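Please keep the sequence and the structure in view while working through the numbered points.

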Amino acid sequence: MKESIPRITGTLRAHSVEMPEVIQEASGIIVLGRKIRSLIFSTDIAIIRNCDADAVLAVYPFTPQQVISEAIINASSIPVFVGVGGGTTKGLRSVYIAQDAEAQGAFGVVVNNPMSNTNISLIKRVIDIPIISTVISAEGIQERLDAGATILNVAAGKNTSDVVREIRQKYPKVPIIASGGKTDESIQRTIEAGANAIVYTPIPTSDIFSSMMDEYRAEKTRNPELTLKTLDSKKDELLELIDLLHQHNLDEADLPELPDWVKK
């Protein structure tokens with residue numbers, strides 16, 4: 001029988017982004033002492049601060065900039081793996097960006113598939129944090145590992161689970177993270193194929209906001225007179241606060257004046 005896990009949340013965090021529970025079936029990867037099963041694929045600080053992922057995969061389709069990685073790392077309460085190039089950005093520039101990422105507190109750096117093995121070797125010489133190499137097929141894996149890649153990130157679209165399975169058969173111990181898709185079934189297949197951790201792409205912030213606005217509009221429709229000034233709960237909270245202040249024997253002059261809508 002599966003053990004029931006108590007869940008504690010709060011009203012203000014009711015709309016946080018939750019990772020699919022099936023990801024917990026992955027073995028995880030321990031990186032610098034932290035076990036990581038789920039990685040959220042995002043550079044949106046609001047999403048990053050309101051999710052239950054184990055780590056962040058901060059990779060974006062522009063040239064990496066230290067100011068971006070620093071902002072994400074400083075704002076995040078979970079480990080961040082930072083993209084340092086591979087396509088347009090490479091060579092010594094990627095080396096310097098990787099070095100800065102380590103100094104900023106990144107748990108690892110991510111290199112894209114086009115990056116050369118020579119470039120990976122250069123990065124490996126100057127940083128001590130893991131290098132995550134993004135791959136799109138099972139070809140050339142040994143060369144990636146020999147160059148200094150620590151973890152493989154399989155991003156092969158609809159073929160991801162097949163590529164993961166092929167790599168796992170050849171390299172039973174190499175750490176693998178992989179994109180799991182949008183459904184529990186696709187995530188399950190990727191884990192069963194051999195992925196140790198799953199990269200999850202959240203729905204856009206605009207979609208979350210849209211659903212919240214629908215709720216607000218529905219509430220307003222049910223009660224056209226709804227305003228903060230007529231919410232009994234707000235009135236009760238303020239009265240309780242005033243009573244608490246009285247209990248602490250504060251001078252009357254120090255207490256706030258009750259608004260008319262509370263006195264009614």
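1. In strand β6, V109 is the bridge partner of V82. Strands β5 (residues 80-83) and β6 (residues 108-111) run parallel and are joined by 3 bridges. Two strands are said to pair if DSSP finds at least two bridges between them. Helices (H or I, at least four residues) and strands (E, at least two) are DSSP runs, numbered from the N terminus. Between β5 and β6 the chain passes through helix α3, and this β-α-β crossover is right-handed. The term right-handed means that, with the strands pointing away from the viewer, the path from the first strand over the helix to the second runs clockwise.

2. Basis of the model. The model is predicted, with local features requiring pLDDT of at least 70 and side-chain atom pairs counting only at pLDDT 80 or more, whereas totals for chains, interfaces and linings use all residues. Residues are numbered from 1 along each chain as its sequence is written, and side-chain values use heavy atoms, with hydrogens and water left out.

3. The other neighbour of β5. Strand β4 (residues 55-58) also pairs with β5, in the parallel sense and over 3 bridges. Here A58 stands opposite V82. The chain leads from β4 to β5 through helix α2 (residues 66-75), again in a right-handed β-α-β crossover.

4. The two faces of β5. In a regular strand the side chains alternate between the two faces of the sheet. In β5, V80 and V82 lie on one side and F81 and G83 on the other, and these residues are all buried. Buried means under 20% relative accessible area, exposed over 50%, and partly exposed in between (1.4 Å probe, protein chains only).

5. The nonpolar cores. A nonpolar core is a set of buried Ala, Val, Leu, Ile, Met, Phe, Trp, Tyr and Cys residues joined through side-chain atoms within 4.5 Å. Which members of the largest core touch the most other members? They are I40, V109, I123, V154 and I167, in a core of 51 residues. Helix α3 (residues 92-104) gives the largest share of this core, 4 residues. Another core, of 14 residues, lies apart from it and includes V31, L57, F107 and A197.

6. The surroundings of V109. Contact means heavy atoms within 4.5 Å. When its neighbours within four places in sequence are left aside, V109 is in contact with residues including V82, V84, A98, A101, I123 and I127.

7. The protein as a whole. The secondary structure comprises 10 helices and 10 strands. Of the 264 residues, 39% are buried. Among contacts between residues at least 6 apart in sequence, 56% join residues at least 24 apart. The protein exposes about 15800 Å², of which carbon and sulfur atoms supply 53%; accessible areas come from the Shrake-Rupley method with a 1.4 Å probe, and for residues only the protein chains shown count as cover.

8. Side chains of opposite charge can pair when their charged atoms come close. A salt bridge is a side-chain nitrogen of Lys or Arg within 4 Å of a carboxyl oxygen of Asp or Glu. How many salt bridges does the structure hold? It holds 2. One joins the side chains of R165 and D162 (3.5 Å, N to O); both residues lie in helix α6 (residues 160-170), 3 residues apart, about one turn of the helix. The other is formed by K170 and E166, whose closest N and O atoms are 3.7 Å apart. K170 and E166 are 4 residues apart in α6, so about one helical turn separates them. R165 counts as partly exposed because its relative accessibility is 34%, and D162 is likewise partly exposed at 45%. K170, at 48%, is partly exposed, as is E166, at 33%.

9. Most residues other than glycine have a negative phi, and most peptide bonds are trans. L32 has a positive phi of about 50° although it is not a glycine. L32 is placed in the loop between β1 (29-31) and β2 (34-36). Is L32 buried or exposed? With a relative accessible area of 52%, L32 is exposed.

10. A buried serine. S186 lies in helix α7 (residues 184-193). S186 counts as buried because its relative accessible area is 13%. Apart from neighbours within four places in sequence, S186 is in contact with G180 and G181.
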